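Colleague: I'd like to learn how to read strand pairing and helix faces. Could you take me through an example?

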Amino acid sequence: AGVSRALEPFIHEYPSWVYFTSAGGRMLRDKAWNKGVKKNIPRHYKDFYFTWRKGPQEHIHSRPTSARFEKDEWGEIHPVQNPRIYVIYPDKFHEGLWGGEGVIKALLERPKGRHRSFLHPPAKYLWPQLLEGVVYSEILDKHIDMVMTQRGVNLVDEAKGFDNYILNTPVNEIYAWKLLKLKREMLLKLCEKDNFAGVNGKTDVYDKYHEHAVPHEQADWTGLTLQEAIKKQLAIDRSKAEESTVPYKSVYRKELLDLLKDGHLEELDVDLVTEKKDPGILGGFKKLFK
């Protein structure tokens, strides 16, 4: 709903048309990331999150036509359109290896009758076929139970291992947060070669995947949700603020001691600037009976 032009400057920062255009939406999103706590979030996490936000881009639930143009039955030539199917990714998707598959909301065709119905057709949700499986990570040296689809199994086989699939696949194609958390664990372990010199001494695993190693600071941010990243940045800002804050009592005491050393306050009692231990409540009662 629109507002009066007289009231618009007091309600919105920009004209109303800015909030309903694609260019205005991009400008507002960029501005939201350049102020407040989001401004201090590292750039590499912003790139990670912007890539993840795209979601799976492959045509998993459709078969696009490679041709650019097609001829209809009357001989007219039209550009080929490959519309994307809207896919729902439930919470269970982020806990398993679905390979980008999700839930599709379909509409059931109404039975043909004598009268036309204007009611919305009933919906039917199409779920992928799920199965329980186990994957093995060489870097983490453990087996992981999770719910997966056959496409997820095929992607791991094509990548020649679960670790290769996680490290080589773009984050928007992985998309599941559990898998991205595992990627974070892998990158953190790859930060130091000594992490592989344990009981089994599998340093050859590090040599196999060391090309994927990144700095510890970048690995620590990988795989965090936006809420987790904001909490992490708030903790960092709070820690820096506490380190940079010096109590006024210490500042004033230091200034007075410097003045005493320079001889500017020779008649000042030194006991006034030295910190004394609080005698507490009992100390106050003792003073009353002296």
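Modeller: Start with the rule for strands: two of them pair if DSSP finds at least two bridges between them. Keep in mind that this is a predicted model. Here V87 stands opposite I104 in β4.

Colleague: How many bridges join β3 to β4?

Modeller: There are 2, linking β3 (residues 87-88) with β4 (residues 103-107), and these strands run antiparallel.

Colleague: And which residue of β5 does I104 stand opposite?

Modeller: That's L126. β4 and β5 (residues 123-126) are also antiparallel, joined by 4 bridges.

Colleague: In what order do the strands come in the sheet?

Modeller: The order is β3-β4-β5, giving an open sheet of 3 strands with antiparallel pairing. β3 and β5 are the edge strands, as each pairs on one side only.

Colleague: Now helices. What span does α10 reach?

Modeller: The general idea is to take 1.5 Å times one less than the number of residues. Helix α10 (residues 226-244), with 19 residues, reaches 27 Å from its first C-alpha to its last, close to the 27 Å expected.

Colleague: Which residues of α10 are buried?

Modeller: Buried means under 20% relative accessible area, and exposed means over 50%. In α10, the buried ones are L226, A229 and Q233. Looking down the axis of α10, its buried residues fall within an arc of 60 degrees, so they line one face of the helix. Q227, K231 and E242, on the other side of α10, are exposed.

Colleague: What do the buried residues of α10 pack against?

Modeller: They pack against α3 (43-54) and α9 (216-221).

Key
Residues are numbered from 1 along each chain as its sequence is written. This is a predicted model: local features need pLDDT of at least 70, side-chain atom pairs count only at pLDDT 80 or more; totals for chains, interfaces and linings use all residues. Side-chain values use heavy atoms; hydrogens and water are left out. Buried means under 20% relative accessible area, exposed over 50%, partly exposed in between (1.4 Å probe, protein chains only). The arc is that of the directions from the helix axis to the C-beta atoms. Contact means heavy atoms within 4.5 Å.
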